[in-house]
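Good morning, and thank you for coming. I shall go through one structure today, beginning with a term that we need for the rest of the talk.

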Amino acid sequence: MEIIAFLLPFVLLGSLVVFIAFSGGPGKAREAYLTSGNSAFKLGVPLAFLVLGIGVPGLVMANRGEAEGGTGSLRSASLTTEDAEGKRLFRERCSSCHSLAAVNARGVTGPNLDRIGEVTPQRVRNAIRVGGTGEKRMPAGLVDGPEAEKVANYVFKVAGR
Ligand code: HEC
C-alpha cells in the first residue's frame, strides 16, 4: 500500500505531462480538455494512466518479494543447473522408494524424506553411501561421486518444505 501511495503523485504528474504533450502544448491541451464534450474521454485518460501507472508497477513490486524470498512454487525457479541435475537423478534413482513433495515423488518403501526431521547434505550423502542407515533396506551407492553430491544438495534444499 505504501508503494502505491508513493507512486501516486508521480503517476499523476506523468499523466499530465503526457496529456499536454499529446495535445500539442499547454494551450492546446487546455483547450482540448475543456472543449471535448466527451466526458468519458475526460475521465478515461486519467483513469487509463492510473491503471497502467499504478497497477503494473504495483503488481511487479508485489510479486518481487515472493521471487526473492523464495517461497512457494517460485522457489524452484532459483534452482541451479546442478540442482536440476540432482532433481533429475532423484526422480530416476530415488523416487521409486521415497516420497518428496518437490519432485512429486510418492514412493512408500523408504521413509518420506519430507518427514525425517532435519535433512543435511551429509545425512543424504551418508544414506547414499551406506544405504539408508546401513540396515541394508536401502541399496548402497545408487549414485556416486559428483552425482551423489548433486542429489544430496538438492534433497537438502527441498526436503521438508
Ligand atoms: C529400494 C528402495 C530405495 C531406494 C531406491 C532409495 N532408498 Fe533411501 N531409503 C530406503 C529405505 C527402506 C530407508 C529406511 C531404512 C534405513 O534407514 O536404513 C531409506 C532411508 C533413506 C534416508 C534416511 C536416512 C536417515 O538418515 O534416516 C535418506 C536420506 C535416503 N534414504 C535417501 C535416498 C536417496 C537420496 C536415494 C536415491 C539416490 C534413495 N534414498 C533411494 C529405500 C530406498
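A residue is called buried if 20 or more other C-beta atoms lie within 10 Å of its own, exposed if 12 or fewer do, and partly exposed in between. Please keep in mind that what you see is a predicted model.

Let us apply the term to Leu12, which is found in helix 1, residues 2–23. Leu12 has 14 C-beta neighbours inside 10 Å, and therefore counts as partly exposed.

I turn now to helix 6. At 1.5 Å a residue, its 14 residues should span 20 Å, and the end C-alpha atoms are 21 Å apart, which agrees. Which residues of helix 6 are buried? They are Ala148, Lys150, Val151, Ala152, Tyr154, Val155, Lys157 and Val158. The elements that cover them include helix 4, strand 1 and helix 5. Just after helix 6, Gly160 takes a positive phi of about 75 degrees.

How do helix 4 and helix 6 meet? Two packed helices are described by the angle between their axes and the distance between the axes. Here the axes of helix 4, residues 81–93, and helix 6, residues 145–158, come within 8 Å and cross at roughly 95 degrees. Helix 4 is therefore roughly perpendicular to helix 6. On the side of helix 4, the contact is made by Glu82, Asp83, Glu85, Gly86, Lys87, Leu89 and Phe90. Helix 6 contributes Glu147, Lys150, Val151, Asn153, Tyr154, Val155 and Lys157. By class, this contact has five nonpolar, two polar and seven charged residues.

Next comes the ligand. Of the 24 residues around it, Cys94, Cys97, Gly110, Gly132 and Met138 come nearest. The shell has 14 nonpolar, six polar and four charged residues. Helix 5, residues 121–130, and helix 6 each supply at least two residues of this shell, and helix 5 gives the largest share, four residues.

Finally, I would draw your attention to two loops. Most residues other than glycine have a negative phi. Asn104, however, has a positive phi of about 65 degrees although it is not a glycine. Asn104 is placed in the loop between strand 1 and strand 2, and it counts as exposed because it has 9 C-beta neighbours inside 10 Å. Lys136, also not a glycine, has a positive phi near 65 degrees. Lys136 lies in the loop between helix 5 and helix 6, and is exposed, with 10 other C-beta atoms within 10 Å.

Methods. Residues are numbered from 1 along each chain as its sequence is written. This is a predicted model: local features need pLDDT of at least 70, side-chain atom pairs count only at pLDDT 80 or more; totals for chains, interfaces and linings use all residues. Axes are lines fitted to C-alpha atoms, for helices over the stretch in contact, and angles run from 0 to 180 degrees between N-to-C directions. Angles under 35 degrees count as roughly parallel, over 145 as roughly antiparallel, 65 to 115 as roughly perpendicular and the rest as oblique. Two residues are in contact if their C-beta atoms, placed from the backbone, lie within 7 Å. Ala, Val, Leu, Ile, Met, Phe, Trp, Tyr, Cys and Pro count as nonpolar, Asp, Glu, Lys and Arg as charged, and the others, Gly among them, as polar. A residue is near a molecule or strand if its C-beta atom, placed from the backbone, lies within 6 Å of it. The expected span of a helix is 1.5 Å times one less than its number of residues.
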